[in-house]
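Visitor: I am new to this structure. Please take one part of it and show me that part closely.

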Amino acid sequence: MTAVVEMMPPETAPVPLPAGDGVVWPEAFAELFALVAGEFAQAPSRRRARGYLLGLLSHSERKNGWTIAEFAGDAGPEGMQRLLNFYAWDEDKVRDALRWYVVSAFGDPAGVLAADETGFLKKGRRSAGVQRQYSGTAGRVENCQLGVFLAYAAPGGARALIDRELYLPESWTSDRERCREAGIGDDVAFATKPELARKMLERAVAAGVPFAWFTAGEAYGQNPGLRDWLEEQRISYVMAVPVSEPCATSAGKIRADALTARVPAGGWQVLSCGDGSKGPRLYEWALIGLDGPGHQLLVRRALTPNAKGELELAFFLCSAPAGTTLAELAAVAGARWAIEMVFSQLAKGRMRAVG
């Protein structure tokens, strides 16, 4: 693909690439931006978009409207604000181009889609969806926006976010005037986080994204509606559930922790669920059969006691094809780490190539 080079006056010259990052990633950036440049109808909006992205990729310690504008050579943030609020460009088509780029780069039929949310701290109350709510980024209740994201994790360790949905609390969707002031259409209704995850999964399936599994945290795993839909679509999953999750067995519904207490000493197996920053992430794992075809409870137990002297447990409901091994299920459960790592990098103000 050939990028179009435009002649611009000096005051609108292209933003320089961040220094000190070698040659490979600037070439990849140029290739990706060429895919989305056409969605920005005017030269100023293309230049702003390029500068905004390069500002996010820079090594600036803080990234906000002012610092990104300064990196782009602007005297103030007004230009970047126009890009986000007024310039005509289709964010959904940009998202689709990014998804295509990710799938082309490292798509794999054995890939895993992972859903999770993260918070964006805010000081005011006018940003769409903002209110006091729990933010995993801050680890507490804060005034923030929440976004639900879908990540793609390839077997080789490459990972990237490919979709997003803004979570709008009912306090927003029940106040249509407030929504209109924030640019939210009257057709946007309240949707739970699992419903937003399903919407993104539907888009991924429709786009032909190659994957074998879906994984997510407790907020999604304990939602029967999402589980039923996944099974209707024949999408295999490994999703976290709380300790109190009622699990269907031949003897009736039994809590996850009560089932785990029945696992014999020899029923645990030490396995890695993927490599972390310090090497393989090793845990003990057990698998308990449940009612229903392919339904199982996967249990993860820490190898060393916590501060209370307890071996921490985590529980996952699974719907898997016949013959799936314990090691395979553990690897899928560990794929959630991919999206958590992306969030961690964003929280530190760093965006790096992860392929």
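Guide: Let us start with S319. Leaving aside its neighbours within four places in sequence, S319 is in contact with W213, E231, S236, Y237, G294 and H295. Keep in mind that this is a predicted model.

Where does S319 sit? It is found in strand 12. Is S319 buried or exposed? S319 counts as buried, because its relative accessible area is 11% and the cut-off for buried is under 20%.

Take G294 from that list of contacts. Along the sequence, S319 and G294 are 25 residues apart. In space, their C-alpha atoms are 5.1 Å apart.

Now follow strand 12 itself. Strand 12 covers 313–319. Strand 11 covers 295–301. A loop lies between these two strands, and N306 is in that loop. H295, one of the contacts of S319, falls within the range of strand 11.

Stay with N306 for a moment. N306 is partly exposed, because its relative accessible area is 23%, while buried means under 20% and exposed means over 50%. The side chain of N306 makes a polar contact with the side chain of E312. That contact is 3.3 Å. For a contrasting pair, look at N306 and K63. They are 243 residues apart in sequence. Their C-alpha atoms are 36 Å apart in space.

Next comes E245. It lies in another loop, between strand 6 (236–241) and strand 7 (246–249). E245 counts as buried because its relative accessibility is 7%. Which residues does E245 touch, leaving aside neighbours within four places in sequence? They are Q222, R227, I254, R255, A256 and L317. S236 and Y237, both contacts of S319, fall within the range of strand 6.

Now step back to the protein chain. Its secondary structure comes to 13 helices and 12 strands. Its radius of gyration is 22 Å, close to the 20 Å that the globule rule gives for 355 residues, so the chain is as compact as a globular protein of that length. The C-alpha atoms fill a box of roughly 75 × 50 × 40 Å along the principal axes. Of the 355 residues, 42% count as buried. S319 and E245 are both buried.

Contacts complete the view. Take those between residues at least 6 apart in sequence. Of these, 58% join residues at least 24 apart. The pair S319 and G294 is in contact, and its separation in sequence is 25 residues.

Note on methods:
Residues numbered from 1 in each chain as written. Predicted model: local features only at pLDDT ≥ 70, side-chain atom pairs only at ≥ 80, totals over all residues. Heavy atoms only, no water. Helix = DSSP H or I, 4+ residues; strand = E, 2+ residues; numbered from the N terminus. Buried < 20%, exposed > 50% of the residue type's maximum accessible area, 1.4 Å probe, protein only. Polar contact = N/O pair within 3.5 Å; in protein donor to acceptor, adjacent residues only side chain to side chain. Rg over C-alpha atoms; globule rule 2.2 N^0.38 Å. Contact = heavy atoms within 4.5 Å.
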